[in-house]
Each structure stands twice: as C-alpha cells, then as structure tokens.
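Subject: Structure for your files, with notes

Hello,

Here is the structure I said I would pass on. My notes on what turned up in it follow below the entry.

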Amino acid sequence: MPHRKTALRLVAPVAVLALALTACGGGDDDTDPKADGTAESAAASPSPSQPVSGGDMARGESATGKVAEDPGEVTYDVVAQKVEVGTEAEAAKAVADAADAKGKVLATAHIKYTHKSGPALTEGSDVHDGTTVFADGQRGGVLIGASEDAPGCEDPYDVESWKQGESHVFCETYVIPAGATSVEVHWSEEDGEPYVWKFPQK
C-alpha cells in the first residue's frame with residue numbers, strides 16, 4: 001500500500017502556506033475545578049494509568065506515542081533533537097519563486113524516532129506525518145522535498161526495514177518569519193494533542 005506522502009517526492013521544492021488550522025488546546029478535560037468526586041466526573045477524567053497525550057517537553061525529553069502503520073500499530077519514542085534556522089538568501093534559493101521567501105527563513109527540525117514496540121516495518125513509516133514546525137505561535141509553511149538532503153537527515157521513504165529498538169532521524173523543513181524569537185517542534189499521535197519542544201532563538 002503506497003504511503004500518503006509518496007507522491008510528494010516527485011514535487012519540486014516550493015514553499016506551501018499551511019492553511020489548515022491546527023488544534024493547540026491544552027487538554028483541560030482532566031482539570032475541572034468543579035469535579036466533586038461523583039461517578040460521572042470520575043468517568044470523564046482519565047485514570048493515572050492513562051495519561052493525556054501531549055504537552056510541553058524539556059530539551060532532550062522523549063515522548064511516547066502510537067502510530068497506525070501498514071502492518072499494525074507501532075509505539076515510538078520521539079524526540080526533537082534540534083532546529084537549524086537558515087538565512088533569507090538560503091530560503092530564496094530553495095523556493096520556486098524568490099518573492100515567496102521575502103522576509104522568511106528556513107527552519108529544519110531534526111526528530112529522532114525509535115521503534116519501541118509493534119511489528120517490524122518493511123515499506124516505510126508514517127510516523128513523521130505528525131510533525132509540524134511553529135514560529136512565535138504560528139505554524140510555518142512546509143517546504144516539500146528540502147529535508148532529505150540536509151546533513152544528518154534520512155529520507156523516510158528509503159527506510160524499508162525498521163525493527164524494534166532501531167532509530168532513525170527524519171527532518172522537516174518549514175518556512176518561518178525571519179527574526180522569530182521562538183521555534184517549536186510539534187509531534188502528535190493521530191487525533192492527539194501535540195507534544196511540544198521549544199527552541200528559543202537569539
């Protein structure tokens with residue numbers, strides 16, 4: 001079964017503005033100050049053994065989440081290692097129309113994914129589909145096809161065998177405003193709240 005983004009490898013790199021709204025709610029369902037200990041409120045709140053997905057992560061801290069892969073559900077450890085922010089000149093060279101990059105820079109996030117449990121993968125993975133990059137609270141515009149050539153980055157579509165215990169570093173490149181003071185890497189399970197790693201910029 002072809003993966004959802006396989007066709008994107010054939011697209012020339014162009015900056016694409018992200019028009020979809022991203023849910024950034026903090027998951028407040030489990031912190032209702034009016035909870036009175038009734039069975040109804042207890043049923044609505046997750047138990048300690050079922051933590052709410054998402055939240056702010058410390059530098060180097062990994063999140064654990066499940067992804068529905070082709071052979072079956074896989075549990076991954078995910079950690080955003082770093083974000084490399086380029087220059088306006090580099091952004092202008094990377095997009096089809098340099099005017100699209102005016103006042104913009106490229107931000108390449110390096111994310112390490114470790115196969116923790118579940119079936120071995122033989123036809124690539126969709127774990128990176130849950131990753132986005134934000135700058136100063138606003139989602140950036142994804143730059144298709146730019147990340148695979150960055151040093152230290154692997155092409156997720158070239159990973160044809162992925163077994164439990166193995167790790168790969170995939171990268172995502174986004175176009176963000178020049179001068180952004182904070183860059184965030186978000187990763188979430190499907191329909192889950194995002195885990196957020198913050199990378200302040202000087």
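Two residues are in contact here when heavy atoms of theirs lie within 4.5 Å. On that basis, and leaving aside residues up to four places away in sequence, tryptophan 197 touches Met57, Ala58, Glu61, Ala63, Val78, Val79, Ala80, Val183, Glu184, Val185 and Trp187. Please keep in mind throughout that this is a predicted model.

Overall layout

The chain has two helices and 11 strands. Read from the N terminus, the elements come in the order β-α-β-β-β-α-β-β-β-β-β-β-β. Of the 202 residues, 37% count as buried. Among the contacts with a separation of 6 or more, 73% are between residues 24 or more positions apart. The accessible surface of the chain is about 11,400 Å², and carbon and sulfur atoms account for 52% of that.

Nonpolar cores

Which residues have the most contacts inside the largest nonpolar core? They are Tyr76, Tyr113, Val127, Trp162, Ile176, Trp187 and Trp197, in a core of 30 residues. At least two residues of this core come from each of β3 (63-68), β4, β5, β6 (131-135), β9, β10 (182-187) and β11. Strand β4 gives the largest share, six residues. Another core lies apart from this one; it has six residues, including Ala91, Val95, Leu106 and Leu143.

Strand β4 also holds threonine 75. Threonine 75 has a relative accessible area of 10%, and because buried means under 20%, this residue counts as buried. Not counting residues up to four places away in sequence, threonine 75 touches Thr64, Gly65, Lys66, Thr114, His115, Lys116 and Ser117.

Aromatic pairs

There are four aromatic pairs in the structure. One of them is formed by tryptophan 162 and phenylalanine 170, with 5.8 Å from centre to centre and 85 degrees between the planes, an edge-to-face arrangement. Tyr76, Tyr113, Trp162 and Phe170 form one aromatic cluster.

Disulfide

The structure holds one disulfide. The bond joins cysteine 153 to cysteine 171, with an S to S distance of 2.0 Å. The angle about the S-S bond is -85 degrees, and the link is left-handed. Cysteine 153 lies in the loop between β8 (141-143) and β9 (167-177), while cysteine 171 lies in strand β9, so the pair ties together parts that are 18 residues apart in sequence. Cysteine 153 counts as buried at 12% relative accessibility, and cysteine 171 is buried with a relative accessible area of 7%. If you plan to look at the cysteines in the viewer, these are the two in the bond.

Salt bridges

How many salt bridges does the structure hold? The count is three.

- Aspartate 56 and lysine 198 meet through their side chains, at 3.8 Å from N to O. The pair links distant parts of the chain, 142 residues apart: aspartate 56 is in strand β2 (residues 55-57) and lysine 198 in strand β11 (residues 195-200). Aspartate 56 is exposed, at a relative accessible area of 59%, whereas lysine 198 counts as partly exposed at 42%.

- Aspartate 77 forms a salt bridge with lysine 116, and their closest N and O atoms are 3.8 Å apart. This pair, too, links distant parts of the chain: aspartate 77 is in strand β4 (residues 73-85), lysine 116 is in strand β5 (residues 104-117), and 39 residues separate them. Lysine 116 counts as partly exposed, at 42% relative accessibility. Lysine 116 is also one of the residues that threonine 75 touches.

- Glutamate 84 forms a salt bridge with lysine 82, with 3.2 Å between the closest N and O atoms. Glutamate 84 is partly exposed, with a relative accessible area of 36%. Lysine 82 counts as partly exposed as well, at 39%.

That covers my notes.

Regards

Key
Residues are numbered from 1 along each chain as its sequence is written. This is a predicted model: local features need pLDDT of at least 70, side-chain atom pairs count only at pLDDT 80 or more; totals for chains, interfaces and linings use all residues. Side-chain values use heavy atoms; hydrogens and water are left out. A disulfide is a pair of cysteine sulfur atoms within 2.5 Å. Helices (H or I, at least four residues) and strands (E, at least two) are DSSP runs, numbered from the N terminus. Buried means under 20% relative accessible area, exposed over 50%, partly exposed in between (1.4 Å probe, protein chains only). Rings of Phe, Tyr and Trp (its six-membered ring) pair if their centres lie within 6.5 Å; planes under 30 degrees apart count as stacked, over 60 as edge-to-face and the rest as tilted. A salt bridge is a side-chain nitrogen of Lys or Arg within 4 Å of a carboxyl oxygen of Asp or Glu. A nonpolar core is a set of buried Ala, Val, Leu, Ile, Met, Phe, Trp, Tyr and Cys residues joined through side-chain atoms within 4.5 Å. Accessible areas come from the Shrake-Rupley method with a 1.4 Å probe; for residues, only the protein chains shown count as cover.
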